[in-house]
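This report concerns the salt bridges of one protein and their setting in the fold. Please consult the sequence and the structure shown below while reading.

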Amino acid sequence: MKKAASALETIPPEPRLYRVVSGRIQQLIKDENIAAGERLPSERDLASKLNVSRASLREALIALELGGIVEVRGGSGVYVSEQAKADSDVMEVGPGPFEVLSARRLIESEVAAIAAKNATDSAIDAILKAVLEMEKNHDNRNENEMADRNFHLAIARATGNSALVGVIEYLWNQRGSLWHKLKEHFQTEELRKQTLLDHRAILAAIAAHDANGAKQAMRAHLDRVSRTFSRG
């Protein structure tokens, strides 16, 4: 048993998908002699050339941008960075944003359903407080994001299950540099306004103790975020 455990410990973890795709993009840059300052093919063409989803491609491009290898210019395209070095590499910076969103869609939808069944009046008040704070601080990005986090954690607390609170907190803590750069480039004012309406719908379903309604409302909300960030 000890030998088996030791053998497992020596197996390196699989690289995250965005690192694999980013490596393929770097190889394409070399193969097609795309010089510093020149524009890469469109995202649609790149996704087709590499046979990957738009979401996976976008994560890879953001990772390359964080590594100083490309520059993403809103409304113009993606360019090879003037400062890019031949030996530049993409660091592992946690799970990709769409990987986290997929996990959140699966888990938070069920958490919302459980919250609808178990929420006390005080738990519903805590969710409402977070919604009001988010609406109040719509123009203050930092305060707005903190209220957004508090909203989702308040729903988890409404389940009465501390383990679920820990899971949601863990998922929110995975919103690292890739997430924030993606959000910087592709979050729209339309999405921000719609998020407030989505949160109101989730709150209404939980307050009505409508488990299926809460589940569907949370799923629709996270689907909307994923669609907006992958489409841009």
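Which residues are linked in a network of salt bridges? Glu43, Arg54 and Arg58 form such a network, where a salt bridge is a side-chain nitrogen of Lys or Arg within 4 Å of a carboxyl oxygen of Asp or Glu. In total, the structure holds 14 salt bridges.

The model is predicted, and local features need pLDDT of at least 70, side-chain atom pairs count only at pLDDT 80 or more, and totals for chains, interfaces and linings use all residues. Residues are numbered from 1 along each chain as its sequence is written, and side-chain values use heavy atoms, with hydrogens and water left out.

**Overall fold**

The protein comprises 11 helices and two strands; helices (H or I, at least four residues) and strands (E, at least two) are DSSP runs, numbered from the N terminus. Along the sequence, the pattern reads α-α-α-α-β-β-α-α-α-α-α-α-α. Of its 232 residues, 44% count as buried, buried being under 20% relative accessible area, exposed over 50% and partly exposed in between (1.4 Å probe, protein chains only). Among contacts (heavy atoms within 4.5 Å) with a separation of 6 or more, 75% come from residues 24 or more positions apart. The accessible surface amounts to about 12500 Å², and carbon and sulfur atoms contribute 50% of this; such areas come from the Shrake-Rupley method with a 1.4 Å probe, and for residues only the protein chains shown count as cover.

**Individual salt bridges**

| Pair | N to O distance |
|---|---|
| Glu108 and Arg104 | 2.6 Å |
| Lys183 and Glu145 | 2.7 Å |
| Asp198 and Arg224 | 2.9 Å |

Glu108 and Arg104 are separated by about one helical turn, because they stand four residues apart in helix 5 (residues 97–118). Glu108 is buried at 2% relative accessible area, and Arg104 is buried at 3%.

The salt bridge of Lys183 and Glu145 links distant parts of the chain, with Lys183 in helix 9 (residues 177–186) and Glu145 in helix 7 (residues 141–158), 38 residues apart. Lys183 is buried, with a relative accessible area of 17%, whereas Glu145 is partly exposed at 21%.

Asp198 pairs with Arg224 in a further salt bridge. Asp198 belongs to helix 10 (residues 189–207) and Arg224 to helix 11 (residues 211–231), so the pair ties together parts 26 residues apart in sequence. Asp198 is buried at 6% relative accessibility, while Arg224 is partly exposed at 24%.
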